[in-house]
Structures are given as C-alpha cells and as structure tokens.
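Please look over the sequence and the structure shown here before reading on.

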Amino acid sequence: MDAHALAPEEHYIRKQPYYEAVGNEIAIFEAAYRHKLPILLKGPTGCGKTRFMEYMAWRLQRPLITVSCHDDLTASDLVGRYLVKGGETVWVDGPLTRAVRVGGICYLDEIVEARKDTMVVIHPLADDRRTLPMEKLGQLLEAPDDFCLAISYNPGYQSVLKDLKQSTRQRFVALEFDYPTAELERRIVASESGVDAAMADKLVKFARMTRNLKGSGLEEGASTRLLVHAGKLINGGIDPVAACRGAVAQAVTDDADMLAAIQELSSSVF
Amino acid sequence: MSEARAAELAALLEDWLEADLTFHKVEGLARELAGLSREDCDFILGWIKRIATTHLELGWQFGRRAPKLLASMGRRQMEAWAVFACDTYDRVGLRPALQAVEQVENFADKQLELTAGVLFEDVAGVLGNFVRGLSGRKLAIVQGEAVHTDTDKIYLPAVIARLPDMDDNFRLAKAMVALLWAQTRFGTFRVDLIEACAAFPHPSRALAQLNALETLRLSACIERELPGLHRDMERLKTALGDVLPPAWQRFARRLGEPDASIEDSLRLLGDAYQLPDFAAWCFQGELRPDAVAGAFIARRDKEKARLRVKLAELLEEQSRHQPQSDTADAAQPPAFEAEVDDSDGRLELELTLDGAPVAPPEDVRQLLTSVWLDFGEIPHDYLVPAGDGEYDASLLGEQPVDPDAVWQGTYHEQGALFYPEWDMGRQHYRKNWCVMREKEVAPVFDDFARATLDKHAGLVKHLHRAFEAMRDENRLLKRQPYGDDVDIDALVEAMADARDGSEMSDRLFVRLHRAERNIAVAFMVDMSGSTRGWINEAEREALILLCEALERLGDRYAIYGFSGTTRKRCELYRIKTFEESYGDVVKARISGIRAQEYTRMGFAIRHLTDLLKKVEARTRVLVTLSDGRPDDYFDGYRGQYGIEDTRMALLEARRAGVHPFCVTIDREARDYLPHMYGAARYVILDDVAELPFKVSDIYRRITR
C-alpha cells in the first residue's frame, strides 16, 4: 500500500479521534478560538496534548499543521524561504505561513525547544494584530478569522534554559494538562489498547508508582501513551512484566538502578 | 634459611603492627608465615599491612588467624573477608570489625553469605527507588542491626543470606521492605503500641504476637495491592518452611478482610497472647514502637508548620489568579478541606478551597500524605493557612549546620557529605570515608584585587583582548547546502558552471551560525599548608586575573579551595559558586584565601564533579591548581595511596563527562604526574611567579 501524500494545509482530520475530556478544556478552547485567542497547552509528555489538538481540529473542521520544534529551528523554517529552482529563485511558504493563508490551526509542539529568537516571530500573530510579517517578501500577512495558533510546552523539565519567556507566554490562553485521574486513565488505556478493565487497572497503578519516582531519579513518570503501548503489547500476548519493561521502564530511563527498581515495581503489581 | 626468613618477617610485622607499643608477640606469626609458600606468605603479609593501616589490632587479629585458614578458605574468600572486616570498621567501628574478624571460624559456613547473600549496598539503591515508587511517605532505606522501620526510614541488615540463591535473597530483602512499607501505609502505628501491650504480663511477648497478627493483616493487604510480590512472598515462605499454625488460621481469616485495621489486630491480641510464640516468617521484621514514637515527635511539628505555610502560599497564589469577587464575605476566612480516598489501596488526595478543587503542588501532596499516614485523617488545624510570621524558619526547612559548630562539644558528622576513597591496597573503595563540609572563606576587604590589577596592568589588557577574541560571534556561513537565504555569489557561480557544462554545486545558501559558548568550569585551588607564602600570593593573583578574563568570556565558573586534616575533616572552601556573580565579596574572598592544612584531593575532585554535573552546560571542565602531590598526615594517605586515590577520582570525573585539567607547580612532579593525572591533561609550571600569567592562558587554550 502506498503512503498517502498530503499537502500540510490539506490535512483535515476526517475521523473522530478518541479523546476523553478531563475538564472543561474543550469549552475553553472553543471559546478562545471564537475570540481569536492563541492557546498554550502545558503538561508532561504523553498526557494527551497532541491528541487534544487533533480532536479540536476535527471538531472545528480546520486543517491541522503541526511543527515539532527543535533547537535548530529558524524563523525561515516557520515563515518560508527562497529556494533555487531551475536557475531561478522561488519563494516557498513555511508551515506557519501556510496555516495562516488557509486559516488552519498551526500547532507548534514543544515550543521551548526552539531558539528564543525564533519564538518572537509568532508574537505579532499571537496578539490582537494577528499578522505575520514576512520580511524577505516585504509583505505582511493578515490572518483570517479561522486561523488559530496553538503551542505546547512542558514545564516539567525545570531547566532554566528551557523556560518560556514571559513576553511569549503572556499572550496565550493556557490550558493545563496533567495525567488523567485513575478512573479516566483506566478507561483510556482499556479503549486505546484493548486490554480488559482489570489489566488496565494494574497498568494505571503501575504508572502511578513510576510517577511517585519523579524527582528521585526519574525525570518524568510513565505517560498515558506508554501505558497504551504496554497495553497493546500485552494484548499481543506479551507477558505483562516484559511488556512493562519494554514499553515503559526502558522508555523512561537508562539508569540501571532505576530500571531495576521499576522492574521490581512492575513484577510486584502483576 | 627458614629461621632467617622468619626473623625478617618478624621485623616487618613488628614495624607494621607497632609491636613495641602494642606488645603483640609477632614471632610466632612470623614463623608460621615463613612456613607458607612465598606467594601465600606475600598475600597474607600484604593484607596484614593494609589492614594494619586501618587499625593495628584489626591487622593483628587478622594475621593471627589468616595462615591457618588460607588453605581452607582460598584467596578470594579471604580477600572478601578482609574487605568485609575493613568495611565494618569504616562503618561502625572497631568492636564490630573485631567480631567480624573473630567470627572467621564460622566464615567457612558463612561462605553462603558471601557467594549468594546480597549486601546492603547492592540492594539499597534499587529497593530505595522501589519503596519510593509505592504510595505513601517517601521512606529511606538505611543499614541497621535489625529489620524494622521508624516510619521515616526502613532498616535492613548488612547481609541477607538465608537462601542459597542470590536472586531469592534479593526477593527476601524486597519482601522485608514491602512489609515494613505496609506497616506505615496501612496504619500499624496509628495506635500507641507500647500502651496497648503494657496491659499484658509480658509486654515484649505481646508485642511479638501483635507483630505476627500484623504480618497476617499486612500480607493480605499486599496480596490485594501487589499480587506479584505476594506470590514471591509465598514462594519464599515455602522455601524456608514458614507455616501458618492451625490455631492462627482464624486470625488470618479475620485480618485478611479488606476492612481489617490495626484495631482488629489489637482485639485479637488477647487470644493470640494465649497461644505459643509465633515463629516469625522470613520477611517479618520487628516492631519498634519507641523508634516510631521518636520519629513521629520529630516530624509532627515540622510537618504541621510546613503544611500550613505551604497552604498559605497556595492561598495567596489562588487569590492572585482569581481576584476575589466583591460579593464574597470578607469576614469568612477561606477554608481548605482535604479528602483522602483510600478505597482499593488508591490513596488519592483531594484538596478543596471553599468547595472548589485545587491541584496541590507536589510538596503539599507529600505533606498531606505523610500527615494522613500518621493520623488516618487530616486534622482540621493542619489545614489552617499560617499567618504572617507565625512560624520561625527553624521548623520549615532543614537548618544548615554551621560547619565549625559541629566541632564543639561532642563530635557529630551531622550536616556533612560523605565521599568514598579508593584504597589501593584493598583495591576497593572505602565507603563514606571522607567527611566533607563546605565552608566559607572569610572575606578580607582590602585593596588586593586593585593592587593585583595595577601590578599586572599590561597583562590584564592583553588578557582582555585575548579573551574577547575568543567570544565566538554570530556569523554568516556561506555556501551551505541548506540555509535561510540564497547565497547569490554561489548561485551566480553555479549557474556559470552549469552553462559551462561542469558540475553545479548544491551549496547555494547562507546560514546564520549562532555561536553559543556553553562551558561551565570549576577551579579547585590548593589551600594546603605548603602553599603558605608566595605560592598562596601567586594563587590569589592568578585567580583575580582569571576572573577578570572569564568575565569577558561569559563562561560560568566556580572557585573552591580545598584542604583538610584527616578523612574526618575534609574541607572545601567556597570562594565563588556558579550562581554568584563576580563582585566585591568574591574579590574579598580571593584576598582572604589563607594556607590551611593538608592536601587531600580525592574528595574535592569528587565533590566538584558532582557540582559540575548539576550545572547545565555542554562542556564541563574541572581545573585543579596544586603545589604538589596529595598529602595528609594520617591514615596512610601520604605517598602512593594519595596518588592512587587522586587518580581514581580523576578517572571518575572523566567518566562523568567532566574534563579534568591539572596545573601544578611541583618541580619534582614529573615522576608521578603522568600516572596520577592519567585521565587528565596537565601542565607543570617551573616557576611560581608564572602562575598569574599562565593560568588564564592555559584556560584559554584548553577551552578554545
């Protein structure tokens, strides 16, 4: 089967993504969208930020353009650049510009990973000006009403170097995400991975144990995403302890002692 | 021949064991050793010498027994035994160490312990994380003589070796830890056990029977909570022949119900007291109500204070987010409520403020959990946010201990950090051997810094220029395969090439290179007595110039001085931390650097490596500045031992990703330096006067 190629701005989500609301985040997002306010998603990795964005894109029926930020991401990577084609230079829009042009949702994932000077290009888009200056083209792109800017940020890294500047963060409506409650997480794990309720219960219990270890050697506990992975392995006939080792323990740490400890926790639960 | 050899050995032993003072009769031992093969003899001699540096009596007692045992024991075992004795001495002192040596007669039986047993050091790390992962208070695992918990710490013995298989022994240790955790988690200590047992004719017997009842109850809790672990525990019981006596079965049934609590155990205690003593199960520890009471008293007020202050902070934060509406009754103070859901072993906390749920920060959650574990509820007065200045700071945090005060009165190792030291003779680390404290250098506010800058005015100008030139700047890189803009020059050239028929380059872009110098460096300065005089002077001048230069460069740097007398008093003097900025205080501290005592280096390297690891930087550098070989007057540090330890510490630093670099002014250093600094690069300065000129220059070269 061939992989399906899509232009980013054609990326409509057709099928309803599975998403369980934790609180009133859907209502807040919709209200912010209606009032053309940009949105900041805060929370640890794997707790459903990206899934939430997909769900909202489906709900609002707007194309979703996701950019995963990295420390070499320049402003041109977002806005666009001239390329050489057949002896001529042609302008190529970057993902942010494309999203503005079509009035889509631009989601900048892990925004703090991007360089600080890159982040400022979104400033005029993120306040009431809602414009994207394209210096190289000498143009100013005005965002249509249905354009939406969303960024995500994980405050858990607690690194001074990876903090969001006040001038950036104070432009956004913030939605805080955390691991879902035990009840909800159980439901998510069961429905996403297909394991039965009892197994989902144990997986969630195990995940909470690893989250207790945050700060004493673990940077972050097991995310819901990892639990779903483990659940899928278990559903595929893998022994639960082995599944947790492969899908969870090895994913959260490389430290031998910590691996052993997590292994002891999972062998105790199952 | 043998006589001559015996006399030779006797002389050695007399020397090592200081026989003229200790009056040990070494001649017999010498004769015995002379009768052994040369290799065996050397092996034992080596160990006697090494142990004697730890303690004379220990060395003697070891020597007396060693020759007879070597044949049956083998060298590996004997080495393990010797190391075990030394470790015991390092940790708990002479008497237990002598016991360890004396019990060597049983050591043949104890082989099990060494081959299959798990040592505390091996399991503490993993089980520490294991128990922190379980819900409840974060318990620490420490070594103690009996298996018990005081509700803050879990005590485990040095060796656990009841089973012939190492894995099983580890499982046993894990089961012990889990049961003790269950005691704190499921409320064993929520009633006064001393009082409850006092009613019986033999309170200690009552306590033991109660312990058995609790073991039954908690095993059932563990079965519900951690079924995998419970299966292991059952296997261990079977392997060691632990049974549930028929008379106890009805207790087990009652206490196995999910709603059973310590109250139920107490209700059954009367009946259980009538029964014969319960043979403790393998993973069962002891109940120590007195230790628990002590820990509780120490914790109670502190936690209440901390919780209330934290809640006050939380309240302030909440009200900042949601400005109080005018309709709210101002007279009614806001009330926190805490709800704990313990059903199904879940232990979930819900904190509400005036009925609206609040997400408590991690530290508040911990405190609430701890309070709940103690009381089974959150008492109302714990939830009243503290008023301004209601508590003095002493309750709120661990108070830093004044490093000098601990030397007054009884000696404590309170507030100190412990570092291991490599013992070349033992070929093992001495665990927690160096007692290290950070101290302040008393600042001397004089015009030393100014005078230095004036004195070296020409050099300063040069340094400024040189270091400024090193500041990597943003620059446009041309002819890149990928970039932000088209490189027109390259494009024109490429087009011409294409017309020409030759190959066209794809490097057509310009890219902005952003230079981020990301270096953290720690300077470790010798403050030993031998630097007294103008080495000290030169060091101080060098530091002033270095700071001037580094300020230009913008690298993060810290400066520490090291010195010490014996392992018990290793001192690191803070001159500038990474966070501090270079100002008058730092200048005054540099001026205040005075020669202190000896040159123990290992601990300083290890500590600064730890500090460097905490700094976020791409490159970490540790520069040591010393005037010679490591030296300390006691416990055999002088000479080879010190060199080997320093070498080891540098290797550790390298392994941790720190680049060590050593600057030394010892002219006779060329013989041992290559070995000692094996892991590090180094320079030797022939003339102290060069130091101020050279140090900055060296730094520039190594970080370029």
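A residue is called buried if 20 or more other C-beta atoms lie within 10 Å of its own. By that rule, 40% of the 704 residues of chain B count as buried. The model is a predicted one, and the points below are grouped by topic.

**The two chains**

- Chain A has 270 residues, of which 44% count as buried, and its secondary structure comes to 12 helices and nine strands.
- In chain B the secondary structure comprises 27 helices and 19 strands.
- For chain B, the share of contacts with a separation of 6 or more that comes from residues 24 or more positions apart is 71%.

**Where the chains meet**

- On the side of chain B, 21 residues are in contact with 26 residues of chain A.
- The elements of chain B that give two or more residues to this side are α9 (120-133), α13 (227-240), β12 (485-486) and α21 (488-500).
- The largest share of the side of chain B that touches chain A comes from α9(B), which gives six residues.
- Sorted by class, the residues on the side of chain B that touches chain A are nine nonpolar, five polar and seven charged.

**A pair of helices in chain A**

- Two packed helices are described by the angle between their axes and the distance between the axes.
- In chain A, helix α8 (residues 182-193) packs against helix α9 (residues 197-212) at an angle of about 125°, and their axes are 9 Å apart.
- Angles from 65 to 115 degrees count as roughly perpendicular and those over 145 as roughly antiparallel, and α8(A) and α9(A) are therefore oblique to each other.
- The crossing in which α8(A) passes α9(A) is right-handed.
- From α8(A), the residues A:A182, A:E185, A:R186, A:V189 and A:A190 meet A:A197, A:A200, A:D201, A:L203 and A:V204 of α9(A).
- The contact of α8(A) with α9(A) has seven nonpolar and three charged residues, and no polar ones.

**A leucine in chain B**

- B:L207 lies in helix α12 (residues 203-225) of chain B.
- B:L207 is buried, because 21 other C-beta atoms are within 10 Å.
- Leaving aside residues up to four places away in sequence, B:L207 touches B:L193, B:C197 and B:L287.
- B:L193 is 14 residues from B:L207 in sequence, and the two are 7.6 Å apart in space, C-alpha to C-alpha.

Methods:
Residues numbered from 1 in each chain as written. Chains lettered and ligands numbered in written order. Predicted model: local features only at pLDDT ≥ 70, side-chain atom pairs only at ≥ 80, totals over all residues. Contact = placed C-beta atoms within 7 Å. Helix = DSSP H or I, 4+ residues; strand = E, 2+ residues; numbered from the N terminus. Nonpolar A, V, L, I, M, F, W, Y, C, P; charged D, E, K, R; others polar. Axes fitted to C-alpha atoms, helices over the stretch in contact; angles between N-to-C directions. Parallel < 35°, antiparallel > 145°, perpendicular 65-115°, else oblique. Left-handed = near helix turned anticlockwise from the far one by under 90°. Buried ≥ 20, exposed ≤ 12 C-beta atoms within 10 Å, placed from the backbone.
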